[in-house]
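Please read it beside the model.

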Amino acid sequence: MNGNGITDFHSHILPGADHGSKNRETTKRQLEILKSIGVERVVATPHFYPQIDSVESFLEKRAAAVERLQSIYDAKMPTVFPGAEVLVCPGIDHMQHLDKLCIPGTDVILLEMPMSGWSAEIIETVRRISASGLVAVMAHIDRYKKTEIAKLSLECDRLLYQLNGSAVSGFLGKKRVNELCSALPVACVGSDIHGADKKAAAELKSIWQHIEKKGINLSECASTLLERALKL
Ligand SMILES: [Fe+2]
C-alpha cells in the first residue's frame with residue numbers, strides 16, 4: 001500500500017453487517033469491483049442507528065462480519081478498515097461509548113444526517129461532537145439541500161465533509177461538486193456501495209479524479225485521517 005490509489009471512505013461491504021452485503025460472495029465481488037477501478041483502501045461503514053441499536057451490540061455484529069470477511073480476504077484486495085456510519089439523533093453526543101464508533105485507532109467518526117428536518121438540536125449535537133475532540137466527518141453532504149448545508153456549516157466550523165461518487169453524475173453534477181468543494185472542507189469521497197454495484201465504483205473513480213484535478217489532495221487527506229487506523 002503506497003497511499004496513492006483511491007481511498008473509498010464510505011462503503012457497505014461487511015457481510016451481514018447491514019443491507020450492503022448479504023454474504024461473503026457479495027463482499028468478495030464488491031472488493032474485486034473496487035480493486036478494478038483503483039481502490040487501494042476501503043473504510044467499511046455499516047449503518048449504526050442509535051434509536052434501535054446499542055454500541056455494544058453493533059460492535060459485536062461488526063466483529064462477526066469482520067470474521068466472515070477475513071475468511072475470504074486475500075492480500076490482493078484493497079486494505080479494509082472497520083468503521084461505522086452513525087445516524088445523528090438529538091443528544092447522541094451524550095451516548096456512552098460514542099467514541100468506540102470511530103475508525104479503530106483514530107478519533108475519526110463518520111456521521112449521517114437525517115434526510116430532512118434538521119432541528120437546531122440536531123445541528124447543536126453535531127457541533128458538540130465535532131468540538132469534543134473527535135474528528136467528525138459528515139457523510140454524503142451532496143445529498144442535502146443547500147439551505148440545510150449552510151446552517152450546518154455555519155454552526156459546525158470543525159466539521160469535515162465526505163462526498164459520494166454519485167454527486168458527480170448528471171447534467172449539473174460537476175458544477176455542484178465544485179460548489180461544495182469551494183464552500184466546505186471536503187476531506188474524502190466514498191462509493192457508498194451497496195451490493196455488487198459497478199456504477200457506484202465507477203462514480204467513485206470519476207469524483208476522485210475530478211476533485212484531485214481541482215487541486216484537493218484526497219490521497220493525502222485520506223492518509224492523514226487513517227494515519228493511526230487499525231486494518232482488519
Ligand atoms: Fe452509507
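**Notes on helix packing and selected residues**

1. Helix 1 and helix 6 (residues 198–213) pack with their axes 9 Å apart and at an angle of about 30°. Helices (H or I, at least four residues) and strands (E, at least two) are DSSP runs, numbered from the N terminus. Axes are lines fitted to C-alpha atoms, for helices over the stretch in contact, and angles run from 0 to 180 degrees between N-to-C directions. Helix 1 and helix 6 are therefore roughly parallel to each other; angles under 35 degrees count as roughly parallel, over 145 as roughly antiparallel, 65 to 115 as roughly perpendicular and the rest as oblique.

2. This is a predicted model, in which local features need pLDDT of at least 70, side-chain atom pairs count only at pLDDT 80 or more, and totals for chains, interfaces and linings use all residues. Residues are numbered from 1 along each chain as its sequence is written, and side-chain values use heavy atoms, with hydrogens and water left out.

3. Which residues bring helix 1 and helix 6 together? Arg 29, Ile 33 and Leu 34 in helix 1 meet Lys 198, Ala 201 and Leu 204 in helix 6, where contact means heavy atoms within 4.5 Å. The residues of this contact of helix 1 with helix 6 comprise 4 nonpolar, no polar and 2 charged. Ala, Val, Leu, Ile, Met, Phe, Trp, Tyr, Cys and Pro count as nonpolar, Asp, Glu, Lys and Arg as charged, and the others, Gly among them, as polar.

4. Ile 33 belongs to helix 1 (residues 24–36). With a relative accessible area of 4%, Ile 33 is buried; buried means under 20% relative accessible area, exposed over 50%, partly exposed in between (1.4 Å probe, protein chains only). Not counting residues up to four places away in sequence, Ile 33 touches Ala 196, Asp 197, Lys 198 and Ala 201. The C-alpha atoms of Ile 33 and Ala 202 are separated by 9.1 Å, although the two residues are 169 apart along the chain.

5. Helix 5 and helix 6 pack at an angle of about 50°, and their axes are 11 Å apart. They are therefore oblique to each other. Lys 174, Val 177, Asn 178 and Cys 181 of helix 5 make the contact with Ile 207, His 210 and Ile 211 of helix 6. The residues of the contact of helix 5 with helix 6 divide into 4 nonpolar, 2 polar and 1 charged.

6. The buried residues in helix 5 (residues 173–183) include Gly 173, Val 177, Leu 180 and Cys 181. Seen down the axis of helix 5, its buried residues fall within an arc of 95°, so they line one face of the helix; the arc is that of the directions from the helix axis to the C-beta atoms. On the other side of helix 5, Lys 175, Ser 182 and Ala 183 are exposed. Helix 4 (146–155), strand 8 (160–164), strand 9 (186–190) and helix 6 are included in what covers the buried residues of helix 5.

7. Two histidines deserve a check of the backbone. His 97, in the loop between strand 5 (85–87) and strand 6 (108–112), has a positive phi of about 70° although it is not a glycine. His 97 counts as partly exposed, at 25% relative accessibility. His 140, in the loop between strand 7 (135–138) and helix 4, has a positive phi of about 25° and is not a glycine either. His 140 is buried, with a relative accessible area of 0%.
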